[in-house]
Amino acid sequence: MPQNTDNAKVIKVPNEILLPEIIRLTEEGHTVTLRVDGVSMRPFVEGGRDKALLTRSVNPQIGDAVLAEIFPGHYVLHRLVSVKNGMATLRGDGNLGTEHCRMKDIKCKALGFYRKGRENLDSTSGLKWKVYSWWWTRLLPVRRYLLFIYRHLFVS
């Protein structure tokens, strides 16, 4: 069961039900807050702890954190790292490998993240995210070692 720090009841809904509904809401113009799951966006975004504020993805750009359907019914919230011939390459910040999808399968874009139980949004358009993104994407050749250190020193 996910951590619950705000004394609200937490209900875990399977992604195959929840994510299409989130996509529908964002297509109607709403923003949606989603508690993230998994470890693929470490070290900046921690599954079970942090939340993403999502909006409809219009013209996603390299570096955006996007929600994409990489094959039918399977979604990831990862960074867009390249686009070629209408195909997108995605990589989670905590991953070494990549996933691929069509650009039209990118459904949502993260406007920011609520991290470490905070109520203030770390905006993806803010300086903090931009600096982090610039450095982290350039550290790919040594990311394996940095993630190893992070997992063994900072994650229980």
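**Helix H1**

I started with H1, residues 15-27: it has 13 residues and reaches 18 Å from its first C-alpha to its last, close to the 18 Å expected at 1.5 Å a residue. I'm keeping in mind that this is a predicted model.

Next I looked up which residues of H1 are buried, and got Leu-19, Ile-22, Ile-23 and Thr-26. They sit on the same side of H1, because they cover an arc of only 100 degrees around the axis. Then I checked what covers these buried residues of H1: the list includes strands E1 (32-35), E2 (51-56), E3 (65-71), E4 (74-84) and E7 (106-114).

Past the helix, I noted that H1 is followed by Gly-29, and that the phi of Gly-29 is positive, near 100 degrees.

**Aromatic rings**

I counted ring pairs with centres within 6.5 Å and the total came to six aromatic pairs. The one I wrote down is Phe-44 with Trp-129: edge-to-face, 5.0 Å centre to centre, with 65 degrees between the planes. Phe-44 lies in the loop between E1 and E2, while Trp-129 is in helix H2 (residues 127-138), so this pair ties together parts that are 85 residues apart in sequence.

Are Phe-44 and Trp-129 buried or exposed? Both of them turned out buried.

Last entry, on charge: I found Arg-115 over the face of Phe-44, at 4.1 Å from the ring centre.

Key: Residues are numbered from 1 along each chain as its sequence is written. This is a predicted model: local features need pLDDT of at least 70, side-chain atom pairs count only at pLDDT 80 or more; totals for chains, interfaces and linings use all residues. Side-chain values use heavy atoms; hydrogens and water are left out. Helices (H or I, at least four residues) and strands (E, at least two) are DSSP runs, numbered from the N terminus. The expected span of a helix is 1.5 Å times one less than its number of residues. Buried means under 20% relative accessible area, exposed over 50%, partly exposed in between (1.4 Å probe, protein chains only). The arc is that of the directions from the helix axis to the C-beta atoms. Contact means heavy atoms within 4.5 Å. Rings of Phe, Tyr and Trp (its six-membered ring) pair if their centres lie within 6.5 Å; planes under 30 degrees apart count as stacked, over 60 as edge-to-face and the rest as tilted. A charge sits over a ring if NZ of Lys or CZ of Arg is within 6 Å of the ring centre and within 35 degrees of the ring normal.
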